[in-house]
Amino acid sequence: MAWFGRQRNTFARGIHPPGHKETEAHPIRRLDFAPRLILPLNQHIGKPAIPIVHKNQEVVRGEPIAKADGLFSAPLHAPATGRIEKIDLMPSVKGPKVQSIILKVYSADDQRVRYERPRNMNTLNGSAMIAAIQETGMVGLGGAAFPTHVKLAVPEGYAIDYLIINGCECEPYLTTDHRVMLEWTDDLLAGIAYVQQACGAPRVLLGIEDNKHNAAARIAARLPADGNIEVRSVRTKYPQGSEKLLITVLTGKEVPSGGFPYQVGCVVQNAGTVALLGRLLPRTQGMIERVVTLSGPGINKPGNYLVPLGTPMDYVLEQLGFNGSAGELILGGPMMGTSVASLDVPITKAVSGILALTRETITQQVDGTVYPCIHCGRCLQACPLHLNPTQLGLLAANRDYQAMQDRYHLQDCFECGSCSYVCPANIPLVQYFRIAKAMLREQVA
Amino acid sequence: MGTKLPILELRSSPHMHTPLDVATIMRHVVYALLPLCGFAIYAFGLSALLLIITVAASALLTEHAAQRLSGKATSLRDGSALITGLVLALTLPPGLPLWMGAVAGFIAIALGKVMFGGLGHNVFNPALVGRAFVQVAFPVAITTWHPAFAPQRFSTLIDGSLTLPFLQPATDAVSGATPLGLFKFEHQNSNALDLFLGLHNGTLGETSTLLIVVCGGYLALRGFLNWRIPVAVLLGAALSAGLFHLYSSQTYPDPGFTLCSGGLMLGAWFMATDPVGAPVTPAAIWWFGLLIGAITVVIRLFGALPEGIMYAILLANALAPMLDQLTQPRVYGHPRRPR
């Protein structure tokens, strides 16, 4: 029955949570420098960076402070001019403390970027471009934090037909990509050219959800005349921004289970990532800041802010007014983001948003009562991968993790949370699936 | 730092949830059943009112007592027991002795639901389990029909209603047969418009096709029931009835009569759609509905009983897990399963 990509401009199933894009009209503004910045060495998927500075060393804004450990890694740059206070274990979003560089910011400094030089972009061919991209320390800004250059280095034997730029931003509340596409349009188009050069894709498809018409129109008006970039409007639906689903919607191809986009001739990059690359590469600059959406009823001055990496959460909240007496703080979007336990965790490369949901909004949305599964099948109608969350949930309740993996494709689940969102019995389905995956990993280990 | 440290709640994503919950769904199903109950009382009078109250109260009491006996908090608030009671009452003939209605309500919840582990765990539709029990236990009373719109219906009770427990009611000589019975045993056709509007005899809630479609359609439009199930049931019934009608229009009724007579409509919209007994995969849902429609027609035309919807749904309930197993959807990125 299942036939993916048959529907026009969208995938079958998925959900329509309230958009809450309250900050979509807020222009990007710069946030001040916090007195101390905390820079974890593992802000990306892959090997942690290796520090190349020592305690009490003075660094200028933009200077490399940690180098990449091999190909599957990304370097770090000083987000501010200041002095290295120490290199120590610090709390992280994920829970365990991680090795981090702590930077004391010179408050008297004007914080110009001092470590940069213009580069002639025309001379960079494929592999030199990939190396240049790795030097920037760029990772996917959509939330996965996969090093950008790794995705562009296509293995031997695969030809890339399409570079897909993901401008969906399907998570509620988040508006960073929207603002970036609108305000940094020329940087985005420059970045597209660089990335296209790096991966060798002849054609570019830019997928933008139809709730961002102004961004799509602005980009379409500035497209180069050669016609190899195409802006495609896709329907606003969660999780439209999932890499694999977007590939299917735009090209009709389906990435094999457990496979990678290059296997179907595609490379996918987030629009915000590419736009930032378009700013950084011509100046030989490293990634030292990113755009973050601050939103939710707990924040007095919501908006889209250019935040120096390493800025602690409590500084951000102090600047923008956190009014919730109690509540939940989420890094990322409300569907796939992480709630944080402590306010001294920093903004890292992967953080696309900070949401302050007050207790009122949480209790309004989640009634505590968990009912038995009534087999209504809403989760099957929601799962974008056509998994059977009803059956997976029943097996999880019986702790039959092996059957979940062997017969119901547990490992294909990318934890978008649509099943949990729609479940009228309030069964924490995706949470069960995470536990099941962790238990299976432990069995293997 | 100046910020007062708030108490932070830790949750695993997703942090948003649809406001829709089980109790809301059930509440709207009850709302949709109320007009049907109202029409039943209008058509059959005081006896209908008392029967509905008796059956619903019996179902609710049984549910409450069972929860208390097993040391759990009462589950009446989820509304499912009330639905079972109301649906069951709507499948009973108006003159059924009240004590038999109470037994039906008790059996529906005790045997049909609680024994399996309560809400969500029952294999069969609880209301139909209760109904099947009284069908077997009281075969005469359950097939004794009383005319709709009797002149004295709001001031006097139907004779059988107040029969003492464990006694059978005196058989009523002037009882009115249902359109299905008339067709099967006396080869009489009924007026199509009367069938559609509900101006004929039958169980409390099955008579008005129009009202059932309106109330069920409300639930379907609001997404409280899966529209594919009633559509598939009616399609299955219409197709199989049409096939027989084409073969011999003298012997077999036309699809319109099949759809509008008996309990098919009520069953399609309010019983087959009980999600607990229905399958979940998209393909299985269609097969489930088509099967119910087809089996109903086969029982009606070739079985000993004039009506077949009850056994059709119960049979399909039993098959639902197997239908699910046979129709697992193809997952993204996996090859089409070889047949």
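Me: Where is Arg13(A) found, and what is its phi?

Reply: In this predicted model, Arg13(A) is found in the segment before β1 (28-30) of chain A, and it has a positive phi of about 70° although it is not a glycine.

Me: Is Arg13(A) buried or exposed?

Reply: A residue counts as buried if 20 or more other C-beta atoms lie within 10 Å of its own, and Arg13(A), with 21 other C-beta atoms within 10 Å, is therefore buried.

Me: What is the omega of the peptide bond from Tyr238(A) to Pro239(A), and which peptide bond in chain B is cis?

Reply: The bond from Tyr238(A) to Pro239(A) is cis, with omega near -5°, and Pro239(A) is found in the loop between β11 and α6 of chain A. In chain B, the cis peptide bond joins Ser13(B) and Pro14(B), with omega about 0°, and the place of Pro14(B) is in the loop between β1 (7-8) and α1 of chain B.

Me: How do I read strand pairing, and which strand is joined to β2(A)?

Reply: Strands of a sheet pair through backbone hydrogen bonds, either parallel or antiparallel. Here strand β2 (residues 36-40) of chain A is joined by 5 bridges to strand β8 (residues 95-105) of chain A, and the two run antiparallel. If you want a point from which to follow this pairing, Pro40(A) has Ser100(A) in β8(A) as its bridge partner. Strand β2(A) is also mostly covered, in that 4 of its 5 residues are buried.

Me: What is the strand order of the open sheet of 4 strands in chain A, and which strands stand at the edges?

Reply: The order is β11-β10-β9-β12 (chain A), with parallel pairing. At the edges stand β11 (229-234) and β12 (266-270) of chain A, each with a single partner strand, so one side of each is left without a neighbour in the sheet. Neighbouring strands of this sheet are turned by 25° against each other on average, direction ignored. Within the sheet, strand β9 (residues 162-167) of chain A pairs with β12(A) in the parallel sense over 5 bridges, and the bridge partner of Ile164(A) in β12(A) is Val268(A).

Me: Which strands does helix α6 of chain A lie across, and which does helix α7 of chain A lie across?

Reply: Helix α6 (residues 243-251) of chain A lies across β9, β10 (203-209), β11 and β12 of chain A, running at about 120° to β9(A). Helix α7 (residues 271-280) of chain A lies across β9 and β12 of chain A, and runs at about 80° to β12(A).

Me: How do I describe a pair of packed helices, and at what angle do α8 and α11 of chain B cross?

Reply: Two packed helices are described by the angle between their axes and the distance between the axes. For helix α8 (residues 209-221) and helix α11 (residues 264-271) of chain B, the axes come within 9 Å and cross at roughly 10°, and α8(B) and α11(B) are therefore roughly parallel to each other. The contact is made by Thr209(B), Ile212(B), Val213(B) and Gly216(B) of α8(B), together with Met265(B), Leu266(B), Trp269(B) and Phe270(B) of α11(B); by class, it has 6 nonpolar, 2 polar and no charged residues.

Me: How many residues of chain A are in contact with chain B?

Reply: 62 residues of chain A are in contact with 42 residues of chain B. On the chain A side, the largest share, 5 residues, comes from β15(A), and the residues of that side divide into 34 nonpolar, 20 polar and 8 charged.

Methods
Residues numbered from 1 in each chain as written. Chains lettered and ligands numbered in written order. Predicted model: local features only at pLDDT ≥ 70, side-chain atom pairs only at ≥ 80, totals over all residues. Axes fitted to C-alpha atoms, helices over the stretch in contact; angles between N-to-C directions. Parallel < 35°, antiparallel > 145°, perpendicular 65-115°, else oblique. Contact = placed C-beta atoms within 7 Å. Nonpolar A, V, L, I, M, F, W, Y, C, P; charged D, E, K, R; others polar. Buried ≥ 20, exposed ≤ 12 C-beta atoms within 10 Å, placed from the backbone. Pairing = 2+ DSSP bridges.
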